[in-house]
Amino acid sequence: MKGSTYRRCSCRDPKTGKELGTSCPKRNSKNHCTYSVRQELSPREDGSRRSFARGGYGSLKAAQADLDHVRALLGLAESDDPEGTELIAEMLAEVSRERSPLPEVEETRRRLNSGQDLIGSLTVAEWLDRWLAGKRIRKSGLNRYETDIRVHLKPRIGNRRLDRLRVSHLSEMFTDIRDANAQILEDHAQRRAALDELATMPWKGGENRARRKTMKTAIDEMPPFRRVTGPATRQHVKATLRAALNDAIGQQTITFNPAAHVEIDPVRKPKALVWTDERVAKWEQTGEKPSPVMVWTPQQTGAFLDLVAEDRLYAMWHLIAFRGLRRGEACGQPWSETNLDTHALTVSSQLVQGGWEV
């Protein structure tokens with residue numbers, strides 16, 4: 001197919017407004033004209049002609065380089081591959097029409113061989129939506145994926161092109177999450193300080209009521225209490241993205257998974273501590289738990305069971321205490337797996353909470 005480079009002058013006749021073209025008196029001046037390229041493409045299905053055309057090149061060398069690039073793209077389709085020829089011609093016509101950069105030859109070759117859109121600019125958000133819609137897992141798992149995508153991934157990296165997502169982008173995302181955590185904790189401290197001050201203000205008197213009203217207005221304008229994104233949640237966000245990108249690799253949409261290589265803070269599980277008398281006394285004095293995970297002593301467990309002896313769910317509390325069933329397992333225990341005569345049961349199912357639904 002024919003292709004060429006040519007010199008073009010865009011000067012116009014001041015009277016008629018028409019381009020002067022070859023009659024421009026400055027045409028032979030150095031750097032006055034620009035260069036353009038035109039490459040014929042395969043005709044459309046209805047027989048009409050189409051071409052790749054682009055102008056504005058400052059030198060013949062630059063114009064020739066782009067023409068060679070176009071010809072290299074055309075050469076990706078074999079002569080006996082009309083479908084490939086049509087796809088590349090359609091791609092080049094769109095690139096010419098939209099004045100977008102020419103795609104890389106090797107990337108176009110990979111896309112052509114894997115059956116992908118040749119100039120697709122699929123974003124991370126678009127892929128995550130498509131990936132989530134295709135998941136066939138239980139509702140609780142879908143809800144967790146959806147939360148990670150909606151709250152963390154889309155707002156921070158959703159607008160990035162999927163094939164250009166890098167490890168550095170994900171490192172920036174997790175840094176933003178840590179910075180947001182610090183801001184949330186600072187907002188919490190300010191709100192608590194304001195609430196404590198409000199609690200000490202007297203109620204009586206017009207001046208005091210005005211002060212309280214002003215303070216309440218200021219508190220209402222403060223950011224509400226929010227949960228920070230802890231280490232376990234950050235790990236889960238990373239796992240969600242890694243799973244989605246692995247599936248993108250499986251479909252040959254991308255070739256590299258940056259989520260498999262980004263480093264974030266490891267999860268440090270809190271150490272469980274027993275409620276000794278000394279720890280109980282300190283907790284009663286300060287209100288601070290020695291550890292997020294505290295364990296009852298046998299005596300404390302017995303005291304609790306004595307307290308709830310008349311409760312209608314006493315059998316469940318007793319079962320959990322002595323056999324270690326999880327909450328969902330104890331609440332979801334079916335009668336078909338329970339034998340009161342032999343004092344035996346088989347844990348075969350559990351209730352799971354997804355969002356606000358069980």
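## Exercises on aromatic rings

At 45% relative accessibility, Trp-296 counts as partly exposed, since buried means under 20% relative accessible area, exposed over 50% and partly exposed in between (1.4 Å probe, protein chains only). The model is predicted: local features need pLDDT of at least 70, side-chain atom pairs count only at pLDDT 80 or more, and totals for chains, interfaces and linings use all residues. Residues are numbered from 1 along each chain as its sequence is written, and side-chain values use heavy atoms, with hydrogens and water left out.

**Exercise 1.** Classify the ring pair of Trp-275 and Trp-283.

*Solution.* Let's start with the rule: rings of Phe, Tyr and Trp (its six-membered ring) pair if their centres lie within 6.5 Å; planes under 30 degrees apart count as stacked, over 60 as edge-to-face and the rest as tilted. A search of the whole structure finds four aromatic pairs. Here the centres are 5.5 Å apart and the planes stand at 55°, so the pair is tilted. Next, look at the cover: Trp-275 is buried at 12% relative accessible area, while Trp-283 is partly exposed at 38%.

**Exercise 2.** Do likewise for Trp-296 and Phe-304.

*Solution.* With centres 5.2 Å apart and planes at 40°, this pair is tilted. Phe-304 has 27% relative accessibility and is partly exposed. Finally, ring pairs link Trp-296, Phe-304 and Trp-317 into a cluster.

**Exercise 3.** Find the ring whose face lies under Arg-212.

*Solution.* A charge sits over a ring if NZ of Lys or CZ of Arg is within 6 Å of the ring centre and within 35 degrees of the ring normal. Arg-212 lies over the face of Trp-203, 3.8 Å from the ring centre.
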